[in-house]
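Work through the exercises below with the model open. Each task is followed by its solution.

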Amino acid sequence: MKALEVKGIVKQFPGVLANDSINLSINKGEIYAIVGENGAGKSTLMKIIYGLYTPTSGEIFVFDKKVDIKTPHDAIGLKIGMVHQEFMLVARFTVTQNIVLGDEPSKGIVFDYKKALSEVKELSEKFVLKVDPAEKVANLPVGIQQRVEILKILRRGAEILIFDEPTAVLTPEETEDLFKTLMKLKKDGKTIIFISHKLKEVMAIADRIAVLRRGKLQGVVEKGKTSEVELARMVVGRDVVLKIPKAEAKVGGTVVSVRDLMVKSKRGIVGLKGVSFDVRAGEIVGIAGVEGNGQAELVNALIGFTRPVNGTITFDGKELRVITPFNIRKKGMAYIPKDRKMRGLVLPFRSRENIIMGQHTLYPFSKNGVLNSIEIDKFATKKLEEFDVRPRDIHTKARNLSGGNQQKLILAKEMSMEHKFLLASQPTRGLDIGAMEFVYHKLIEEKEKGVAILLISLELSEIMGLSDRILVLYNGEIVGETTPDKTTEEELGLMMLGLKRQKRVAQ
Amino acid sequence: MKDVLKRIVFGKREKYWWMNALVPLISILLAFIVGAIFIKITGRSPVVAYKLLFGASGLFPGPYWKSHFAEMLLSSSMYIATGLGFAIAAKGGLFNIGAEGHFIVGGIAAAYLGYAKPFAGLPKFIHLPLIIVGVMLAGGIWGAIAGYLKAKRGIHEVITTIMLNWIALYLIEAWLVTGPMKAAVETGVSGTPYISLSAKLPKIFPPTRLNISIIIILAVTFLVWYLFYKTTFGYEIRTMGHTLIFGMEAPKAAGINVERRTIQTMFIAGAVAALGGAFMILGVLFQYPPIFEGGYGFDGIAVALIGQNEPLGVILAGILIGALRTGATTVQLAHIPKTFPSIIEGFTVAFIALQMLIRYWIMKFVMRKKKSIQSEMGGGAK
C-alpha cells in the first residue's frame, strides 16, 4: 500500500525552480530518506506536502486518495505530521502542555490538566518514548525536546511522519536514540520520511533513498544496492573526495594567546574554567568537544560579547584589557559564527549589503561616511562569483538564500576583510557535502596564507582532518592536547566525554 | 514614469514594490469607511461631514483655499518633524515615544533663544540659524539621554522616553515658564516673553501665516533619507533596525559599535522632533505659553506608522494628518465633534497594524488574478 505519492510536483519561486516535476511513491511502513544539498528542494517538497506551500502544479495522493492540502491543518487531518528543524515548542510550558497545545482535553470550558497528564503518560508508554510529562520544556536537552515534538504529532494520530533534518541539532548519542525511536515507529507501521544531507545517517536508517539535486529527482535507490560514495556522487553530481586535503603547516609567530581564561555563561555559571592556549600564524587549532562544554563562552570572550571573569587574551603581542567586537575586529579578527541567522547576516538585507558589513566604513565602499554603491556592487558581484553563492544576483535578500549559500556569503564577507586570526565556530553546521568541501578548501587556503585559525567543531572527522593541533574541551577545561597523527577518533571521543584525561605539557 | 518612481521611492528590485504604498492607502481608505459608519450610526450624514472636512482641509481647491492650504502646511511641518523623530529611531530598531518631550524641549529652547538678551539683538540671518542649531542641540541631548540609558544601562527606551516626556513637561510648565523664564509682570504677558522680530520665521505666502518651516522640514527629510540610504551611518542603523528587536547580534558581531549608534540615533531623532517645537514657537505662537496644548509628539507616532517609517511616506502622512486637523473644526457644522479626525487617525493606525493581513489579502488577490489569466491562456491553447 502506498502511504504517500506525489506526481509531477512543480514549485516555481521567483527566479528559482525549487521543484521540477518530482514523482515519488512511498510505501506504508518504510523509512524513506530524501537527500540532497542545501537548496536542492527537499524542504520545499516537504513544505508542499505539509501544506505550508501550494505547488505550482502537480498532484498528491495520501493512502491512494487524491488530496488537496492547502494548510498544515489539512495535512494533520490526513494524518501527516512533521517534526521541524526548529522545534515549535513553548519553552515555558511543561511537556504535557506542549503536547496537548491546540487540542486540549477539557472539562467544560476549563483545561483539564490532570487528564492531559495521564494522556501524555499513556502515549509516552505506548510508543516507548520516555519523557517527564510535568517538566518544563526549557529545562530539557534538545534530544528530549525532539521527543516531545514526536509525541505531539503522534497524539494527533499521525501515520506519516516527516522529519526535516532531525539530527542537525543532536549529539551523536541523541542521534542514536532517535534512530531507535524511528525503528520502533516503523515496527508500529508508521511511515517515516527522513530528510537529511548526512549520508552516513541515511545509510544507517533508511530503506529507500531518493536523491534530489537542483530541484530535480536524480533517482531512488534501495539501501542495499548502493554505497555512500555512490550516493555522494548522485547528490553532488560529480565525484566527491570527502577526504580533506592536507596542507603542511608553515607555522609563524603567535597571534592569539589565551591565559587562564575564565568566563561565565549567559546564565551566570562559570562555563569556561581557566583555559590557556596559543594559536600561531599558519596553523589550524581544532577545539573538539561535545556542545555546551564551554565553546560558547570561549567564542563570546574572544569576540568581546562577554567580559571574562579572569584571565588574559593577547592579540598580536598586545594584551587586550577590554575586548569589544568593534576593537578586536579592527585588530584583524574574522569570525564565522555558528548561528548564521543570529550573528552572521542581516536577513532582510540583500547580498550586496550583507557582504560589506564590517568593512563598509573602508575605502572603496565608502568615503567620508558616504557609501559608494557602484563599488559595492562591483565588489559583491566579484565575491559572489568567487565564493559561488547562488543565485548570483547581488540583490537577493539573505533571507531567501539557502543555508549553504548563506554560509558562503558569510565566508565571502569574513574572508575578504583584512585579518590575521580566524575564529571558525562550527563553520559547516547544517551544510551539505558540496558546501562543506567548499568551506574546508577555504579554510586550508586561509591557513596557507598564514592566517591563525581556531576551529571549533562538533564533528570529529572535521577536527581530525583539518587541525594541526587538537585541544579537547570538556566541562569548561582543556582535558587533552594532541595532534591528528597521534590520536584516533575513538580516543578523542573518550576525552570529549571526560572518560580520559591527558596531561598537558605546560606552556 | 512608473519605473522612475519605483527606483527613487521604493527601492529597486522589489517585486511588489507598489505594495508598500498600497497598504497605507488601503488602511486610510478603510479608516474613512469605518469613520463613515460611525457618523451614520449617530444619525448624521457622512457625505456632508466628509465634504466639510475635505473642503476645509486645504487639500482641494475651494472657498478660502489659500488660507486652508497654508494652515495645513503649517501644521504638517510639525507633524512631519515629530513623525521623523519616531521614524529615525524606528529605523535603528528603537521605539521612540519621546517625540512629545523633544517637541516641547525644542519649543522652550526656541522661546529662550528667541527673546534672551545677547541673541535677541542679532540680525535675522544669524539669529534664526542660531536658534535652529540651539533647538536641535537641546532636543538631541534630550533624546540622547534615553539613548545613553538604553546603550549603557540596558533600560528600555519606551520607559525612559515616556518618563523623559513628563520630566520635560514639568520642568517647563511648573518651573521655567512660571519661574526663571516668566515675562515681566508689567508687560501683562503670561508665559515667556515674546520672541524678537529677528527670531520669527519668514512668511512665504502672504497674507497667510505660512512660513519657511515647511521648506526647512522638507530639506531635513531629504537629509534624513540621504542619511538612511547613502551613508555608512544609515547603513549601520538599518542593520540594527533589522536585528535588535529580534535579539539578533549580527551588527555587533560584525564590529558595528551598536551602543554608540544607539545614542547617536536617539540624538538625531530628538533633534529633528525638536524642530517641530521650534516651528510652533517661531512661526505660530511667538512665545511659550503657560499651558501648551501639545499632542504633536504622539501624533508623530501615527504619522511615522502610516508613512511606514520611510522619509517620503512620513511627508505624505504628515500632510494627511495636517489636512485632517485643519479641516477638523468645520465638521462641527455637521454636528460632529471636532475631535472626529482623531478617530480616523486612530483607525488608520489600527489598520496599519494589521498590515500583514492586508498584504496577505492583496497577494491572494494578485495570485488569483494571475491564475485566472494563466488558465484562460491555457484554455485558449487547447
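**Exercise 1.** Which residues in α4(B) meet which residues in α5(B)?

*Solution.* This is a predicted model: local features need pLDDT of at least 70, side-chain atom pairs count only at pLDDT 80 or more, and totals for chains, interfaces and linings use all residues. Residues are numbered from 1 along each chain as its sequence is written, while chains are lettered from A and ligands numbered from 1 in the order in which they are written.

Step 1. Apply the contact cut-off: C-beta atoms, placed from the backbone, within 7 Å. B:Thr82, B:Gly85 and B:Phe86 in α4(B) then meet B:Ala99, B:His102 and B:Phe103 in α5(B).

Step 2. Sort these contact residues by class. Three are nonpolar, three polar and none charged.

**Exercise 2.** State where A:Met496 lies, and classify it as buried or exposed.

*Solution.* Step 1. Locate the residue. A:Met496 is in helix α17 (residues 489-496) of chain A. Helices here are DSSP runs (H or I, at least four residues), numbered from the N terminus.

Step 2. Count neighbours. A:Met496 has 24 other C-beta atoms within 10 Å, so A:Met496 is buried. The cut-offs are 20 or more for buried, 12 or fewer for exposed, and partly exposed in between.

Step 3. List its contacts. Leaving out residues up to four places away in sequence, A:Met496 touches A:Ala288, A:Gly289, A:Val290, A:Val472 and A:Tyr474.

**Exercise 3.** How many residues does each chain give to the contact?

*Solution.* Step 1. Chain A gives 26 residues and chain B gives 18 residues.

Step 2. Name the elements. α10 (325-332), α11 (340-344) and β20 (370-371) of chain A each give two or more residues to the side that touches chain B.

Conventions:
Two residues are in contact if their C-beta atoms, placed from the backbone, lie within 7 Å. Ala, Val, Leu, Ile, Met, Phe, Trp, Tyr, Cys and Pro count as nonpolar, Asp, Glu, Lys and Arg as charged, and the others, Gly among them, as polar.
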